[in-house]
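Subject: Structure handover

Hi,

Here is the structure I promised to pass on to you. Please open it alongside this note, and I will walk you through what turned up.

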Amino acid sequence: MAFPINRLRRLRRNETLRRMVRETRLAPDDFIQPYFVCPGRGVNKPVAAMPGVAQLSVDNVLRAARETHEADVPAIILFGIPERKDDRGSGAWDDDGPVQRAIREIKDHLPGLAVITDVCMCEYTDHGHCGVIAGNDVDNDATLELLVREALSHVRAGADMVAPSDMMDGRVAAIRTGLDNQQFTHIPILAYSAKFASAFYGPFREAAESTPQFGDRRSYQMDPPNGDEAMREIALDLDEGADIVMVKPALPYLDLIYRAKHEFNVPVAAYNVSGEYAMIRAAGINGWLDEERATMEVLTAIKRAGADMILTYFATQVAQRLR
Ligand code: PBG
């Protein structure tokens, strides 16, 4: 019953037919837009390696968030650049820090937009690592209580969801307990569960000013070749109470997005990270590829692999285009 009876080209003949059999469609609901909040007023400081992305002060983040909301994107995720950094990252739980102020401002003006916060120490420590340093390494258990303080500070400011990205063992359980003890039982945790030590975070570290000042993150972020271990990370985070699990980066790990969705049947997020954004932007700006088509193809592939939501710097502009 193969050729000539079967001709798959029949359903590709024109756009109307293609629309009828299209299996995956992007919608504004699929996206989460990241923003980088910095101190000051009227600040819009472009990130060189991410054309179109900038560090924004609270007033400008509010303006940008309104655009995101008007494009029907349901959520944003905030990253903070503090006024001052120290070895413990104490700016992370400053109730008056840029992220906390941005949360209050956004929830005040745009109550229907979900505000997620990235919970990690690397933007707040002077050494740039994701936790407290002991000797030459990050002290896992000592870091947990700092992450809990940071998460609580975000939620007290009005955050709708917290997203720990530090990769310490046990942090989902610690944050869950910390939130529950303060009557925040209704706040979900989006866990960066399978987060790899990736070269594709390069541009983000410029955006968040979070480059490690010595060594690298390979003692806590995952080793890129490991897929089974990623599934263990996800299983553990779910046991600890994660509501949504994430695979990050997205494109080089589509197989793991697929496995996560099929092995666990829970909400799966994928982070189309800074380096993935930079590659498309750079090639687009140089005229080496059709940026708009490449963007849609990449985001569609991430969804087709099984992602229920995609964190991407393209979120607002793609959502605007979809309407
Ligand atoms: C913080 C954090 C990072 C990213 C998200 N949260 C950087 C890192 O781990 O070095 C990367 C996001 C991106 O590259 O777009 N730990």
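**The covered strand β1**

Strand β1 (residues 31-38) is mostly covered, with eight of its eight residues buried (under 20% relative accessible area; exposed is over 50% and partly exposed lies in between, with a 1.4 Å probe and protein chains only). Strands here are DSSP runs of E with at least two residues, helices are runs of H or I with at least four, and both are numbered from the N terminus.

Before going on, some ground rules: this is a predicted model, where local features need pLDDT of at least 70 and side-chain atom pairs count only at pLDDT 80 or more, while totals for chains, interfaces and linings use all residues. Residues are numbered from 1 along each chain as its sequence is written, and side-chain values use heavy atoms, leaving out hydrogens and water.

Back to β1: Phe31, Gln33, Tyr35 and Val37 point one way, Ile32, Pro34, Phe36 and Cys38 point the other way, and all are buried.

Two strands pair if DSSP finds at least two bridges between them. By that rule, β1 has these parallel partners:

- β4 (residues 75-80), joined to β1 by six bridges, with Tyr35 opposite Leu78.
- β3 (residues 54-57), joined by three bridges, with Cys38 opposite Ser57.
- β12 (residues 309-312), joined by two bridges, where Leu311 is the bridge partner of Ile32.

**Charge on the surface**

Which residues form the patch of positive charge on the surface? They are Arg7, Arg9, Arg10 and Arg12. Of these, Arg7 lies in the segment before α1 (15-21) and counts as partly exposed because its relative accessibility is 42%.

A patch of negative charge on the surface brings together Asp137, Asp139, Asp141 and Asp169. Asp141 sits in helix α4 (residues 140-157) and, at a relative accessible area of 56%, is exposed.

For both patches, members have over 30% relative accessible area and no salt bridge, and like charges are joined within 9 Å. A salt bridge means a side-chain nitrogen of Lys or Arg within 4 Å of a carboxyl oxygen of Asp or Glu.

**One more residue**

Thr300 belongs to helix α10 (residues 291-305) and is partly exposed, with a relative accessible area of 22%. Its C-alpha atom is separated by 26 Å from that of Val162, 138 residues apart along the chain.

Note on methods: Patches are made of residues with over 30% relative accessible area and no salt bridge: like charges are joined within 9 Å, nonpolar side chains (Val, Leu, Ile, Met, Phe, Trp, Tyr) within 5 Å. Accessible areas come from the Shrake-Rupley method with a 1.4 Å probe; for residues, only the protein chains shown count as cover. Lys and Arg count as positive and Asp and Glu as negative; His and the chain ends are not counted. The place of a charge is taken as NZ of Lys, CZ of Arg, CG of Asp or CD of Glu.
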